[in-house]
Amino acid sequence: MNIETVKIENNEGDFRVNGTMIVPPSTDNADYVFVQEWIAAGNTPAPQYTDAEIAFNTQAETNYASRAYLASTDWYITRKAETAEAVPSDVTTARAAARTAIVE
Amino acid sequence: MALSKVNPNLVSNGGSRSNIIINGAMNVAQRATSVTGLGANGGTYSTVDRYRFDFGSTAGRLTATQTGITDLAGFANCTKLDCTTADTSIAAGEYFQFVQRIEGQDLQRLAYGTSSAKTTTVSFYVKGTAKTYMCELHDAENTRLVQQQFNVTTSWTRVSLTFAGNTSGTIADSAALGLYLNFWLHAGSTYTSGTYNANTWKSQVNADRAVGIGSFFSSTSNELFITGIQFETGSIATDFEHRRYGEELLTCQRYYEIIADGGRANDSPYFGVGQGAKSDQINWYYDFKAEKRATFTLAVSTVSNGYAAKTHSTTKSHSTLGFTSVHQSLHSIMGYMTNIGGVTEHTAWQMQLNSASAHIAVSAEL
C-alpha cells in the first residue's frame with residue numbers, strides 16, 4: 001500500500017489512510033502493518049479534526065441543543081395562543097437566544 | 001486389482017478440497033480487472049483476488065490484468081503481467097514477488113513441524129517471455145524457506161514442482177499468516193548473490209532466495225501469463241481442482257468484500273439500514289456475505305455527496321463514511337455518516353450510494 005496521508009479517525013485508535021481507508025489498530029490487519037511501518041519511518045498521523053471540523057461539530061451540537069430547547073418550550077407559545085397567558089420573560093429571552101444560536 | 005494398476009492421477013492427495021490455493025483459476029477479480037502502474041514500494045492487492053504484489057525499491061512498472069484466454073483448454077482466465085517501465089539497473093535490495101498468503105488453519109494438513117510433514121506439489125500453467133523465475137514456500141511463523149526454479153516459455157506449460165515436507169517448526173492453527181507462496185520475478189543481489197539449493201528447507205538466507213532468476217522488468221516487451229495455480233499434498237500434480245464461481249467468490253469474500261459499488265452493473269445502490277444516532281450522525285448496519293478473517297479495514301472512495309441517507313422527505317449526504325473498529329464483529333459492520341447535522345435520534349434511514357463513483361468495501365487480507 002502506498003501511504004500518502006494518515007489521520008487519526010476516532011478515539012479508539014483507528015486511522016484514516018489516504019482519506020479513503022479506515023484501518024483498525026490490529027496487528028492481524030495487513031493495512032495496519034503498513035501504517036506501523038509508515039510511523040516507524042518518522043511520519044506522524046494528523047489529528048482527528050481540523051479546526052474547521054471542530055467548528056462544524058461544535059455548531060452541530062449547538063444547533064441540536066437549541067432546537068431541543070425550543071421544542072421543549074413550544075407549549076408556552078401554544079398556551080399563550082389559546083389562553084392569552086403570557087410567556088415568562090426568561091423563557092422568551094432564552095428562546096430568542098436559541099434561535100440566534102442556530103446556524104444552518 | 002494390483003495397486004500398480006491404479007492411475008496415480010486418480011488418487012486424491014488431500015481430500016475433497018485438495019487445492020490450498022484460493023482463486024487458482026483467476027476467475028474472481030472484485031477490485032478491478034486491470035490496474036496500471038504497479039511497482040511502488042510495498043505490497044498491494046490490486047486485481048485478481050487473493051494475489052498480492054510485493055515490490056521493493058524498483059523503478060520497474062507493470063500493468064496487471066485479469067485476462068480471458070482461449071488457448072488453454074479448461075481455463076477461461078489468467079493473470080497477465082505486462083512490463084510498462086523497464087528497470088535494467090537493478091539495485092541490491094530490489095525485488096518483485098507475486099504472492100498468495102495462506103492462513104495457518106488452512107495448512108494443518110501439511111503436518112509441518114512433525115516427522116510426518118507432507119510432501120507437497122505446486123503446479124501452475126504459465127507462458128510469456130522466456131525467463132527463469134523462482135517459486136518459494138516461506139513458512140511465515142518459523143522463517144524457514146524452500147525454493148525451486150522454473151522456466152517460462154512462449155507457450156502454455158504446466159509447471160509442477162514437488163517440495164519436501166518441512167519437519168522443523170509447526171504452523172499455528174489460526175487465522176494468522178502461516179505460509180507465503182512466492183513467485184520471484186525480479187530481484188537484486190541481496191536476494192540473488194548466494195547459492196541455489198533446490199528443494200531444501202532452511203532458515204531464511206536472503207541471498208539464496210532468488211538465485212539465477214531473470215528479471216521481469218528487463219524490458220517493456222516482457223509479459224507473463226499465469227493461471228491454474230494449485231498447492232496440494234503429495235508428490236504429483238493432480239488435475240487442477242476447478243471450483244464453482246460462486247464458491248470461489250464466497251471464499252475470496254472472507255478477505256475482501258464489496259458492500260456496494262456505484263459503478264458496478266446490476267449492483268444495488270443500497271448498503272444497509274441507518275439509524276439516527278445523534279444530532280450529526282447516522283449509524284448504518286450491513287451483514288457480510290462471508291465472515292471476515294480478522295479485524296477489517298473499511299475502504300470508502302471519496303466522492304462529493306456520494307453517500308446518502310434518505311427518508312421519504314429528507315436526504316442527508318456526505319463525501320465519505322467511517323467506522324470504529326472496536327465495535328465490530330467479523331460478521332457485520334456498523335459504520336457511520338457523521339458531520340451532517342439535523343438528525344433526530346432513533347429515526348430510520350435508507351442508506352444508499354449517490355454516485356457511480358461511490359464505492360464501499362472491507363478488507364481482511366493477510
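Predicted model: local features only at pLDDT ≥ 70, side-chain atom pairs only at ≥ 80, totals over all residues.
Local features need pLDDT of at least 70 and side-chain atom pairs count only at pLDDT 80 or more, while totals for chains, interfaces and linings use all residues. Residues are numbered from 1 along each chain as its sequence is written, chains are lettered from A and ligands numbered from 1 in the order in which they are written, and side-chain values use heavy atoms, without hydrogens or water.

Start with chain A. It has 3 helices and 3 strands; helices (H or I, at least four residues) and strands (E, at least two) are DSSP runs, numbered from the N terminus. Along the sequence the pattern is β-β-β-α-α-α. The radius of gyration is 23 Å, well over the 13 Å that the globule rule gives for 104 residues, so chain A is more spread out than a compact globule. That radius is taken over C-alpha atoms, and the rule is 2.2 Å times the number of residues to the power 0.38. The C-alpha atoms of chain A fill a box of roughly 70 × 25 × 20 Å along the principal axes. Of its 104 residues, 34% count as buried. Buried means under 20% relative accessible area, exposed over 50%, and partly exposed in between (1.4 Å probe, protein chains only).

Next, the loop between strand 2 (15–17) and strand 3 (21–23) of chain A, which holds N18(A). N18(A) is not a glycine, yet its phi is positive, about 55°. It counts as partly exposed because its relative accessibility is 26%.

Helix 1 of chain A spans residues 30–40. At its start, a side-chain oxygen of N29(A) reaches to within 2.8 Å of the backbone nitrogen of D31(A). A30(A), D31(A), Y32(A), F34(A), V35(A) and W38(A) are buried in this helix. An α-helix has 3.6 residues a turn, so residues three or four places apart point the same way. G42(A) follows the helix, with a positive phi near 105°.

Now the aromatic rings. The whole structure has 26 aromatic pairs over all chains. Rings of Phe, Tyr and Trp (its six-membered ring) pair if their centres lie within 6.5 Å; planes under 30 degrees apart count as stacked, over 60 as edge-to-face and the rest as tilted. F124(B) and F150(B) pair edge-to-face, 4.9 Å centre to centre with 80° between the planes. This pair links distant parts of the chain: F124(B) is in strand 7 (residues 120–128) and F150(B) in strand 9 (residues 144–152) of chain B, 26 residues apart. F124(B) counts as buried because its relative accessibility is 0%. F150(B), at 5%, also counts as buried. F288(B) and F296(B) form another edge-to-face pair, at 5.1 Å and 85°. Both are buried. K292(B) lies over the face of F288(B), 4.4 Å from the ring centre. Such a charge needs NZ of Lys or CZ of Arg within 6 Å of the ring centre and within 35 degrees of the ring normal.

Which residues have the most contacts inside the largest nonpolar core? They are L62(B), F124(B), L137(B), F183(B), F216(B), I229(B) and F231(B), in a core of 44 residues. A nonpolar core is a set of buried Ala, Val, Leu, Ile, Met, Phe, Trp, Tyr and Cys residues joined through side-chain atoms within 4.5 Å. Apart from that core lies another, of 26 residues, among them I22(A), I259(B), V343(B) and M351(B).

Definitions and conventions. Polar contact = N/O pair within 3.5 Å; in protein donor to acceptor, adjacent residues only side chain to side chain.
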